[in-house]
Amino acid sequence: MKTALRQLSASHRTEQADTRLGVVLAFVAGAVNAGGFLAVGAYTSHMTGMVASITDLVVVDQWRTAVAIIPHILAFFAGSVLSAVLINWARLKHLASEFALPLMAEACLLIVFGLLAATGLAAGLNGLYGLIALLCLIMGLQNGLITKISHAEIRTTHMTGVITDLGIETGRFLFGKVSHADTRFSAVKLRRLVLLLVGFVIGGLAGAAAFSWIGFVAVLPLAALLAAMALLPIADDLKRMFSKHR
């Protein structure tokens, strides 16, 4: 069990580890998106929709609402920046937790979101916008992490690219069967894409059900899952740091 958890966020990557981490993160993103929509009324990883909403609102002269969306986009951007900073700082320090640090940061931010929402500290319209921005920050952080890990091969916070790639691989497969030509179809890639989509859907169902039944406490299992994946590499670095100072 420890070995499997360590491999998920290890600095030395394998294709299998990337796929497993991607599926877990797709599950988390699906849960945050679906549950978050029930909680705050917005899909917080859908930056395409948010940018499009701004243009629509500007055209119909709803400038105040359009401006209110901008911080959400900036929060998603800030999340990806934070992910890159944490990873590059860890690499500079030769830490084993370069990918574990963003995971732990995401876990902590999810707990902050749950506490703010459950205790009513973010009540009112401004509080609601703050919660949406916080979820956008979390999704940007996660998207930046998996993009760095997989060299932009895997996306987990939104399924547009996954479904597009599924269509491309399916087209390659069908054309290859008909023409008997080498279309560079990859069964491994197709399997990964299907797993990512299934993970996101299952996460969405679980997140929506959990938020409906128990409210904001539903983020705690997600945070625990992320923390469990991050804990061992971080513990390794801490042990190494303490042993140097003895």
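Phe216 is partly exposed, with a relative accessible area of 22%; here partly exposed is the range between buried (under 20% relative accessible area) and exposed (over 50%), found with a 1.4 Å probe and protein chains only. The model is predicted, so local features need pLDDT of at least 70 and side-chain atom pairs count only at pLDDT 80 or more, while totals for chains, interfaces and linings use all residues. Residues are numbered from 1 along each chain as its sequence is written, and side-chain values use heavy atoms, leaving out hydrogens and water.

**The aromatic cluster**

| Pair | Centre distance | Plane angle | Type |
|---|---|---|---|
| Phe113 and Phe216 | 5.8 Å | 75° | edge-to-face |
| Phe211 and Phe216 | 6.2 Å | 85° | edge-to-face |

Phe113 lies in helix 5 and Phe216 in the loop between helix 8 and helix 9, so their pair ties together parts that are 103 residues apart in sequence. Helices (H or I, at least four residues) and strands (E, at least two) are DSSP runs, numbered from the N terminus. Phe113 is buried, with a relative accessible area of 0%, and Phe211 also counts as buried, at 10%.

The expected span of a helix is 1.5 Å times one less than its number of residues. For the 28 residues of helix 8 this gives 40 Å, and the end C-alpha atoms are 40 Å apart, which agrees. Just after helix 8, Gly215 takes a positive phi of about 75°.

What makes up the nonpolar surface patch of about 640 Å²? Its members are Ile111, Leu115, Trp213, Ile214, Val217 and Leu220. Patches are made of residues with over 30% relative accessible area and no salt bridge, joining like charges within 9 Å and nonpolar side chains (Val, Leu, Ile, Met, Phe, Trp, Tyr) within 5 Å. A salt bridge is a side-chain nitrogen of Lys or Arg within 4 Å of a carboxyl oxygen of Asp or Glu. Helix 5 (100–118) and helix 8 (187–214) each supply at least two residues of the patch. Leu220 belongs to helix 9 (residues 219–244) and is partly exposed, at 43% relative accessible area.

**Helix 6 and the whole chain**

Helix 6 (residues 124–150) is largely enclosed by the rest of the structure, because 19 of its 27 residues are buried. His151 follows helix 6 with a positive phi, near 55°.

The protein chain has 9 helices and 0 strands. Its radius of gyration is 19 Å, close to the 18 Å that the globule rule gives for 246 residues, so the chain is as compact as a globular protein of that length. That radius is taken over C-alpha atoms, and the rule is 2.2 Å times the number of residues to the power 0.38. Of the 246 residues, 42% count as buried.

Methods: Accessible areas come from the Shrake-Rupley method with a 1.4 Å probe; for residues, only the protein chains shown count as cover. Rings of Phe, Tyr and Trp (its six-membered ring) pair if their centres lie within 6.5 Å; planes under 30 degrees apart count as stacked, over 60 as edge-to-face and the rest as tilted.
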